[in-house]
Every structure is written in C-alpha cells, then in structure tokens.
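Please keep the sequence and the structure in view while reading, and find each residue as it is named.

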Amino acid sequence: MTDDPLVIFTPSGRRGRVPAGTAVLEAARRLGVDLDSVCGGRGICSRCQVSPGIGRFDKHGITVAQDALSPWNAVEARYREKRGLAAGRRLGCQARVMADVVVDVPAESLRHPQIVRKRVEAREIRLDPAVTLRYVEVERPDMHAPSGDLERLKAALRDQWGVEAVADLRIMQRLQSVLRAGDWAVTVALHAPGEGAARIVEVWPGFRAAPVWGAAVDIGSTTIACHLANLATGEIEASAGAMNPQIRFGEDLMSRVSWAMMNPGGAAEMTTAVRDALAGLLASTAAEAGAAPEDVLELVVVCNPVMHHLFLGIDPAELGWAPFALASSDAVEVAAEALGLGVHPGARVHLLPCIAGHVGADAAAVALSEAPHRSEDLVLVVDVGTNAEILLGDRRRVLACSSPTGPAFEGAQISSGQRAAAGAIERVRIDPATKACRFRVIGQEVWSDEPGFDASAVTGICGSGIIEAVAEMRLAGVVDADGVIGSADAVGSARCVADGRVWAYVLHEGEDRVVSVTQGDVRAIQLAKAALTAGARLLMDRMGVERVDRVVLAGAFGAHISPLHALILGMIPDCSVEKVTSAGNAAGTGARIALLDRGARAEIAEVVRRIEKVETAVEPRFQEHFVEAMAIPHKTRGYPELSRVAALPEVNFGEGEGRRRRRRA
Ligand code: FES
C-alpha cells in the first residue's frame with residue numbers, strides 16, 4: 001500500500017494510484033481513460049475538461065477533500081476568463097491530483113465516445129475518424145543546427161503526439177508563412193486512414209478551434225444524398241439530397257451504360273453531371289452548417305458499381321455484359337481535387353469496396369450498417385431502390401446479389417406516381433366489405449375521411465402509397481392473385497372504372513385531379529416486386545433454406561414500407577410480420593460509419609472478401625423465380641405466416657374479364 005492518492009474516473013470506473021502532483025490528463029492516460037486533448041496539455045483547446053466530485057463516496061469507500069486537486073493555476077484562470085468554463089469544470093491538463101479524488105469525465109471530453117444509435121438492434125458507432133487536428137509547438141530555426149521547417153514540424157509531431165507524418169508540395173509551399181504567422185505554434189490536420197504515416201492535409205497558424213468536416217455521400221441511381229458531419233463530435237450537422245442528374249441519360253443503370261457505349265463522350269458527360277451535383281450538395285450542406293466547402297477534409301462515398309465507375313470517370317462499358325468486370329473492386333481512395341468537388345484541396349475521397357460487378361459499395365455499406373455477418377439468426381436485408389441490393393446471411397455465411405427492380409417503387413412509371421413529397425398519397429386502407437378507400441397524404445396529419453382533410457392538396461401517389469394500394473386491393477378482393485383488377489360488377493364497386501379494355505380502381509376523385517391505380521400500375525409493381533423476390537429466392541436456394549428468420553427493409557424508401565403490406569404483396573419471402581423491420585437509409589448509415597470510424601473500413605474490407613456473390617443476370621433460375629413471383633403474393637409458395645394475420649380472398653377475375661368486355665362491345 002503506497003501513500004499515493006487514489007484516482008477514480010467515472011463513469012468508466014477506472015481506478016488506480018498516481019504520484020501526488022500528477023496532472024489529471026496524465027492520470028487518465030495511465031489508467032486507460034481516453035481523455036481528449038488537441039493542444040497536448042497546453043491549456044488552449046479545453047477538450048480535457050473534467051468535473052471533480054467532492055465529499056463522501058460510499059460506493060467507492062473514499063472521502064474527497066476540497067483540495068484533492070491542485071488550486072486553479074494561471075493557465076486555467078486565463079482560459080476561464082477568456083473563453084469561460086462551466087461551474088465545477090477543470091482543465092484536466094492543468095489540475096493536479098493531490099489527494100484521493102473521484103473525477104467525472106463528461107462524454108464530450110472522451111476521445112472515442114460511443115455514439116449510440118436509436119434503433120435497438122443497430123450497432124454503435126465508434127468515433128475514430130481518419131482526419132484529426134493536432135496542435136504543436138515547433139522549434140525555431142537555428143543557424144547552428146540547420147534543418148528544414150518541415151522537418152522540425154515532423155519532429156514536433158513525433159515528440160509531442162507520437163505521430164509519423166508526411167507532407168506534399170502544397171504544404172511545403174504554405175508552411176513557412178504559417179509557422180511564422182503562428183509564432184511557431186500551429187494546428188495540423190492529419191489524415192491517417194490506417195497503417196503507415198499520417199498525411200498532413202493542412203496547417204493553420206496558432207490554435208484552430210473551428211471544427212473540421214467530413215461528408216458521407218450515397219450516390220443512388222435516382223437520388224444523391226449528402227450528410228455533413230463534424231469530425232470532432234460525430235454529429236451530422238447538415239443533410240441534403242438531390243435527384244441524380246444522370247437520369248436524363250437513362251432511368252436505370254443499364255440504359256446509362258448503353259448511353260455511354262452509344263455516345264462518344266457520353267460517359268464523361270455523366271461523370272461531370274454527377275460530380276457537379278455532388279459539389280452543389282457539398283456547398284449547400286456546408287453553408288447550412290455555417291462552414292465553407294473548403295472546410296470539408298474527407299468524404300466517404302457509397303454507390304452501385306455503375307455509379308462508382310461514372311463518378312470516378314471510368315468507362316462503365318465492361319459492367320454492361322458478363323462477366324461484369326469491375327475496374328477495381330477494392331476500396332478506392334483518391335484526391336478530391338482530381339474530382340473537382342470544390343472541397344479542401346487536400347481532402348481525400350474514400351469509396352467503399354464493391355462486392356461484385358452488380359453488387360456495389362452501397363451493398364457493402366448496407367452490410368456495414370446492418371451487420372448480417374454478426375447476426376445469430378438468418379437475416380435477409382433488402383435495400384429497396386431502383387436497383388435492389390439483397391444480402392442474406394448470419395455469423396457463418398453471407399450471400400449478396402442485386403436485382404433490377406426499376407423505378408416503379410419510387411413512384412416512377414406509375415400513372416399518378418410522384419416522388420415522396422407533400423401531396424403524395426402514402427398510406428391507403430380499403431374496406432373489404434364496401435371497397436371504399438381512405439388514405440393519408442404526406443404533409444397532412446389526418447386521414448382523407450377525417451374532419452379537416454384538405455382534398456385539394458392531393459397531387460399523386462408515391463412508392464410506399466402504391467405498394468399499400470395494390471396490397472390493400474388484393475386484401476379487399478379488388479385485384480386477384482394474378483394481379484388482374486376486377487370489373488365494377490365483379491367487385492361490386494363503382495370505384496372500379498373501365499380504362500380501355502381493362503379496369504382501374506379510383507383512389508381519389510378531386511375537382512381537378514383523379515388518382516387511380518390502373519392495370520398498368522399493378523403490372524409495374526408486380527414486375528418490380530417479382531425481381532426483388534426472385535433475387536431473394538436465388539440467395540435462399542444457394543443457402544439451401546426455405547425460410548428466413550427475419551427481414552430488414554432498408555433504403556430511404558424501404559423505411560416507409562409497411563411490413564404487412566410488403567408481405568401481402570409478396571415483395572419479401574414469408575416471415576412473421578413482427579420479424580420484418582425497417583432500417584432506414586442503411587447505405588447512408590454505412591457511409592457515415594465508415595466516415596466516423598476508420599476501423600470500420602478495415603472491417604468491411606474483410607467482410608466483403610468473405611461475402612459470396614450471386615449474379616442474378618446469369619443465374620438460370622432467376623427467370624423461373626421471377627415468373628412465379630409475379631403472382632400476389634406468390635404462385636407456388638405458401639405464405640403461412642402471413643395467413644395467420646391476414647386472409648386473402650379467393651377471387652379470380654382472369655384474363656377473361658377483358659375478353660368478356662371485348663365480346664360485349
Ligand atoms: S489538453 Fe488542451 S486544454 Fe487541456
């Protein structure tokens with residue numbers, strides 16, 4: 001037993017004895033508490049703030065005296081006077097341990113605080129970004145011991161932070177003036193994605209308090225989303241989305257590949273379009289966060305293989321035919337400057353690895369977010385979009401494929417379809433007895449049959465709305481298992497109206513707008529969902545299973561799909577409805593994880609190497625599964641779990657309905 005004072009850190013509970021006079025920051029280091037510091041203990045950054053507890057602590061069996069920590073010193077007093085320090089707080093680098101003490105470390109003072117996501121099953125995100133700031137004091141030049149300013153900066157980083165660093169010509173060109181402007185003290189932004197020396201991204205004179213920013217970007221075939229994160233706190237401070245301007249060259253991926261092949265310069269045009277759109281999003285998110293685009297020092301981008309190639313300026317022609325060879329399947333890191341994104345000239349862009357020629361970095365990001373490789377039970381993860389990414393697996397084995405669902409799920413190719421924006425019908429209920437319908441639109445709290453509903457605000461139907469509408473039509477006996485809409489007579493409802501030789505179901509009849517579900521709409525949804533289910537079935541075949549334990553619906557749009565309606569429609573294999581959950585934008589979350597935790601990049605590279613890829617385009621059984629999955633919910637597979645919660649009526653309007661009408665005419 002020594003006389004050294006005992007230090008107990010809360011909430012971690014780490015405890016141990018240190019010699020009297022040891023700074024709290026040093027004590028934290030010795031006891032394995034990650035107390036933060038950017039200035040290296042010079043009393044400038046205030047990242048090391050702690051709150052000492054005074055009084056009796058029965059739980060720990062100690063009494064802490066008023067003078068357990070050293071009195072305020074001049075550095076702390078100056079800091080409090082100039083920048084303010086909350087009551088009870090001390091600077092851990094200045095306050096010294098004099099007697100037994102309990103020290104509380106607030107979450108914001110931890111170097112790697114855990115950010116816990118709200119969903120229960122989701123993983124925690126560790127904050128360990130590739131870009132960090134370090135404050136260093138550099139020795140002045142000495143004629144008698146000549147060495148370069150850069151070499152003395154590197155030596156200071158090595159001595160004060162234990163970091164080996166390298167710098168490029170841009171830094172060398174700036175360094176001398178910055179060192180002198182800061183009176184030989186500078187803040188350095190270091191980029192250290194993993195092993196090896198860190199790269200100096202920027203140097204600023206003196207201590208820089210302003211945050212550095214990183215962007216998590218998800219480039220989808222239809223939309224681009226950009227989330228700007230403060231790399232010191234991990235918080236997303238601004239988000240923005242835009243339509244992918246490549247749509248004008250082709251709605252789906254293959255038509256864009258064809259455009260590139262048929263039109264000289266077509267690929268380059270699409271490259272410019274997507275980069276310009278991203279530059280615009282970076283500028284607008286930076287402005288929203290009160291920063292400049294040049295303050296963005298790192299980007300993580302996830303996208304499918306065609307978007308990946310076009311974004312990087314690689315001709316996607318090889319992705320248009322078997323064997324769908326990728327130019328590079330590993331993670332890619334490039335200088336942002338080469339892509340013309342308008343961010344900091346030293347910023348890097350990290351693209352997650354692609355899984356296969358049709359299964360991209362977006363699927364890798366979904367795997368990172370939903371972690372099927374850590375799951376005890378067999379999970380099917382479906383990222384619903386224009387191109388669906390599908391993962392099936394558990395701790396032992398993970399399979400992946402992608403399936404071309406087309407844009408119907410996003411409201412495109414639907415007669416009254418629109419994007420999920422104000423005025424779009426998003427929820428639908430049809431009374432099985434009367435066949436009357438009620439609905440809810442985005443932007444209004446009340447349902448269409450409730451007081452206060454504004455019918456004039458209805459503008460169309462979005463993806464989740466059309467899925468619910470078709471599923472409800474099936475549940476109410478308005479549409480049969482083959483997807484045929486019944487006639488007014490057969491259904492017994494005036495809502496079924498003739499539409500040429502077939503029938504349509506009217507959801508809403510306003511003064512200037514009619515929103516109905518046409519036979520063509522039902523077919524478009526059947527084709528999209530059959531592609532999705534066929535992909536999932538292929539993976540189940542390969543895994544040798546007939547059922548899955550749970551299903552995760554991912555994608556910005558996947559979050560809005562009701563699990564019950566997804567099952568009725570047969571978008572997913574039969575599964576207990578409570579076991580179908582939504583993950584929100586999992587690809588975007590994966591990008592955010594990779595941005596905030598460089599360790600996650602190594603993890604996903606490892607997982608991607610283990611994932612078994614299935615190419616739907618060349619699998620002979622895909623077509624067979626596709627045809628069977630056209631029925632609602634399915635032609636040959638029973639849906640016993642679904643039938644426990646919903647009874648689908650045995651109606652058959654047959655192809656004959658149209659023929660009968662023709663005969664009558
Ligand atoms: S470590 Fe920077 S103020 Fe204490």
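This is a predicted model: local features need pLDDT of at least 70, side-chain atom pairs count only at pLDDT 80 or more; totals for chains, interfaces and linings use all residues.

Patches are made of residues with over 30% relative accessible area and no salt bridge, and nonpolar side chains are joined into a patch when they lie within 5 Å.

**A nonpolar patch on the surface**
- M261, M262 and W321 make a nonpolar surface patch of about 340 Å².
- One of these residues, M262, is found in helix α5, which covers residues 253-262.
- M262 has a relative accessible area of 64%, and it therefore counts as exposed, since exposed means over 50%.

**A residue in a loop**
- D482 is found in the loop between α9 (463-475) and α10 (488-491), and with a relative accessible area of 40% it is partly exposed.
- Leaving aside neighbours within four places in sequence, D482 is in contact with R523, Q526 and K635.
- Although D482 and K635 are 153 residues apart in sequence, their C-alpha atoms are 8.4 Å apart in space.

**The nonpolar cores**
- The largest nonpolar core has 75 residues, of which F409, I425, M473, L507, M571 and I572 touch the most other members.
- Helix α11 (residues 519-543) gives the largest share of this core, with 13 residues.
- Beyond its neighbours within four places in sequence, I572 is in contact with several residues, including V382, T533, V551 and Y639.
- A second, separate core has 51 residues, among them A189, A361, V366 and V608.

Note on methods:
Residues are numbered from 1 along each chain as its sequence is written. Side-chain values use heavy atoms; hydrogens and water are left out. Helices (H or I, at least four residues) and strands (E, at least two) are DSSP runs, numbered from the N terminus. Buried means under 20% relative accessible area, exposed over 50%, partly exposed in between (1.4 Å probe, protein chains only). Contact means heavy atoms within 4.5 Å. A nonpolar core is a set of buried Ala, Val, Leu, Ile, Met, Phe, Trp, Tyr and Cys residues joined through side-chain atoms within 4.5 Å. Patches are made of residues with over 30% relative accessible area and no salt bridge: like charges are joined within 9 Å, nonpolar side chains (Val, Leu, Ile, Met, Phe, Trp, Tyr) within 5 Å. Accessible areas come from the Shrake-Rupley method with a 1.4 Å probe; for residues, only the protein chains shown count as cover. A salt bridge is a side-chain nitrogen of Lys or Arg within 4 Å of a carboxyl oxygen of Asp or Glu.
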